[in-house]
Amino acid sequence: MKAEQNELITRIGPGTACGAVLRSYWQPVALVDEFDPRLDPRMAQRPLKAVRVLGQDLVLFRDDAGRWGLLDRDCPHRNADLSFGRHEGDGVRCPFHGWKFDATGRCLETPAEPAGSKLCERVTQRSYPVMEKSGVLFGWFGEEGKAPPFPEFDCFAAPATHTFAFKGLWNANWLQAFEVGIDPAHPSFLHRFLSDAALDSVGENAAGRQFRSASAGDFSGEKWPMTRIMREFHQPDISFEPRPWGMQLTALRPMTDELTHVRITNAIFPGTFVIPLSETLTITQMHVPVDDEHTYWYSFFTSFAGPVDKEAMRNQRLQFISLPDYVPKSGRHNNWGFNPDEQRAQTFLGMGEEDINVHDQWAVESMGPIQDRTREHLGTSDKVIMANRRMLLKAIETVQAGGTAPGAADPAQAGQMRGPDTVDGIAPAGTWGSWWQEKVRAKRAGAPWLRQPEAAPEAQAS
Ligand code: FES
Ligand SMILES: [Fe+2]
């Protein structure tokens with residue numbers, strides 16, 4: 001890839017071409033949890049925080065009426081930092097000269113101005129619409145009044161009892177974070193355990209142990225952990241198909257003449273993947289630029305069976321991530337916890353068994369703040385990465401020409417922003433296509449929050 005192209009697809013600040021594409025979608029700005037005084041005691045008195053999204057500095061607060069305000073952070077008077085403002089219940093007051101703004105950015109007072117001054121009426125602070133979905137606050141940074149309908153993906157359609165959201169900071173560009181996530185070849189290596197834990201020791205909610213769970217289906221009457229299949233069959237036959245939201249990814253690992261392992265995941269354009277964690281739990285993970293060199297991932301866990309135990313899921317993850325900014329405890333500063341003895345005896349990577357998230361973090365961060373794609377050499381197993389870049393380049397071109405970005409950004413496609421379905425299982429080699437759709441149908445039929453069983457959108461489309 002040429003250096004100019006790499007710049008084009010990675011830079012996302014205001015005024016950039018790729019930034020315009022990302023601003024065509026609702027983007028996460030914070031977890032609702034970040035305003036929970038039990039997790040951040042500062043929020044009891046002052047529910048306000050500085051956030052940075054897409055290279056923009058913002059202040060996010062909740063007023064006494066429960067409205068969310070997401071405003072540019074620089075005070076429109078002389079640009080002091082509003083995240084140090086006085087939270088006054090009905091708005092935020094800048095400590096420099098006392099100008100006050102409500103959640104919509106309306107100026108309420110300019111107290112240093114002479115009595116009768118009309119200055120306040122002529123000033124508005126730019127505010128951004130906020131939507132709360134499944135424990136996450138989303139902001140709209142595109143053209144005012146042009147926000148598309150919020151997509152009805154499973155992670156948003158499921159009730160609060162069946163979803164849990166969490167996030168973490170990676171010190172690298174958003175695109176390489178996404179490209180690690182959608183890479184169907186890497187679990188066979190990066191997440192490889194050299195031996196398998198007993199399946200019954202793997203709790204469904206265990207943080208970071210997803211590949212320890214059993215694949216659906218069985219092999220000669222035996223359940224296999226995903227990781228064993230990934231390890232023993234490491235040359236997946238990878239394919240992808242366009243879907244209204246982006247791409248459906250298929251990785252086949254033929255095991256015998258009769259059986260094949262099938263893993264179906266999804267890439268939701270421009271920065272979200274959906275993968276199975278177990279037969280009844282999926283992870284939808286969004287990659288949101290803080291700026292060009294930092295990214296928050298936001299994960300939504302969605303249960304198609306019983307309710308999730310949010311407290312337990314959060315506590316498991318807080319072993320590895322520090323509040324209030326959701327910064328991983330491992331990182332470049334401590335070599336991501338690398339242990340050569342572990343690498344020799346236990347894991348392919350040597351960065352611990354309990355938190356596979358740090359494996360991905362290493363892959364993402366070790367490339368450097370912005371991967372230099374002029375230096376890489378892609379192979380056949382990177383075809384999904386290449387397809388995604390083509391899609392991104394095309395979207396950049398479309399948006400630059402005044403068109404609409406694809407998928408969830410396109411109001412005309414809103415009705416198709418559903419699902420998408422995932423599976424990880426051992427299937428009959430000849431009929432894996434119908435096998436996985438049957439698995440999905442059963443999973444959806446078993447979800448208490450889906451009123452009636454419905455065919456997978458994939459089944460209708462193909
Ligand atoms: S800079 Fe904010 S009131 Fe003057
Ligand atoms: Fe991974």
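User: How are α1 and α10 oriented to each other?

Analyst: The general idea comes before the case. Two packed helices are described by two quantities, the angle between their axes and the distance between those axes. The axes are lines fitted to C-alpha atoms, for helices over the stretch in contact, and the angles run from 0 to 180 degrees between N-to-C directions. Helices (H or I, at least four residues) and strands (E, at least two) are DSSP runs numbered from the N terminus. In this structure, helix α1 (residues 3–10) packs against helix α10 (residues 383–400) at an angle of about 75 degrees, and their axes are 10 Å apart. The two helices are therefore roughly perpendicular to each other; angles under 35 degrees count as roughly parallel, over 145 as roughly antiparallel, 65 to 115 as roughly perpendicular and the rest as oblique.

The coordinates are a predicted model, in which local features need pLDDT of at least 70 and side-chain atom pairs count only at pLDDT 80 or more, while totals for chains, interfaces and linings use all residues. Residues are numbered from 1 along each chain as its sequence is written, chains are lettered from A and ligands numbered from 1 in the order in which they are written, and side-chain values use heavy atoms, with hydrogens and water left out.

User: Which residues of α1 meet α10?

Analyst: Contact means heavy atoms within 4.5 Å. On the α1 side these are Gln5, Leu8 and Ile9, which meet Arg389, Leu392, Leu393 and Ile396 of α10. Sorted by class, this contact has five nonpolar residues, one polar and one charged. Ala, Val, Leu, Ile, Met, Phe, Trp, Tyr, Cys and Pro count as nonpolar, Asp, Glu, Lys and Arg as charged, and the others, Gly among them, as polar.

User: At what angle do the axes of α5 and α10 cross?

Analyst: They cross at roughly 140 degrees and come within 10 Å. That angle makes α5 oblique to α10. The crossing of α5 and α10 is right-handed. Its contact involves Trp174, Leu175, Phe178 and Glu179 of α5 with Ile385, Asn388, Arg389 and Leu392 of α10. By class there are five nonpolar, one polar and two charged residues.

User: Which residues are the protein donors of the iron ion (ligand 2)?

Analyst: Donors are N, O and S atoms within 2.8 Å of the metal (3.2 Å for Na, K and Ca); water is not among the atoms, so sites may look incomplete. Here the protein donors are His186 (NE2), His191 (NE2) and Asp360 (OD), at 2.0 to 2.1 Å from the iron ion. Their spacing in sequence is H-x4-H-x168-D. Distant parts of the chain are linked in this way: histidine 191 is in the loop between α5 (174–181) and α6 (226–232), whereas aspartate 360 is in helix α9 (residues 357–366), 169 residues apart.

User: Are histidine 191 and aspartate 360 buried or exposed?

Analyst: Buried means under 20% relative accessible area, exposed over 50%, and partly exposed in between (1.4 Å probe, protein chains only). Both histidine 191 and aspartate 360 are buried. Just after α9, glycine 368 has a positive phi of about 100 degrees.

User: Where is serine 134 found, and what is its phi?

Analyst: Serine 134 is in the loop between β9 (130–133) and β10 (136–139). Its phi is near 50 degrees, a positive value in a residue other than glycine. Serine 134 is buried, at 18% relative accessible area. Asparagine 79 also has a positive phi, near 75 degrees, but is partly exposed at 48%.

User: Which residues does a cis peptide bond join?

Analyst: One such bond joins phenylalanine 269 and proline 270, with omega about 5 degrees. Proline 270 lies in the loop between β15 (259–268) and β16 (272–276). The bond from glycine 419 to proline 420 is also cis, with omega near -20 degrees.

Notes. A crossing is left-handed if the near helix is turned anticlockwise from the far one by less than a right angle, and right-handed if clockwise.
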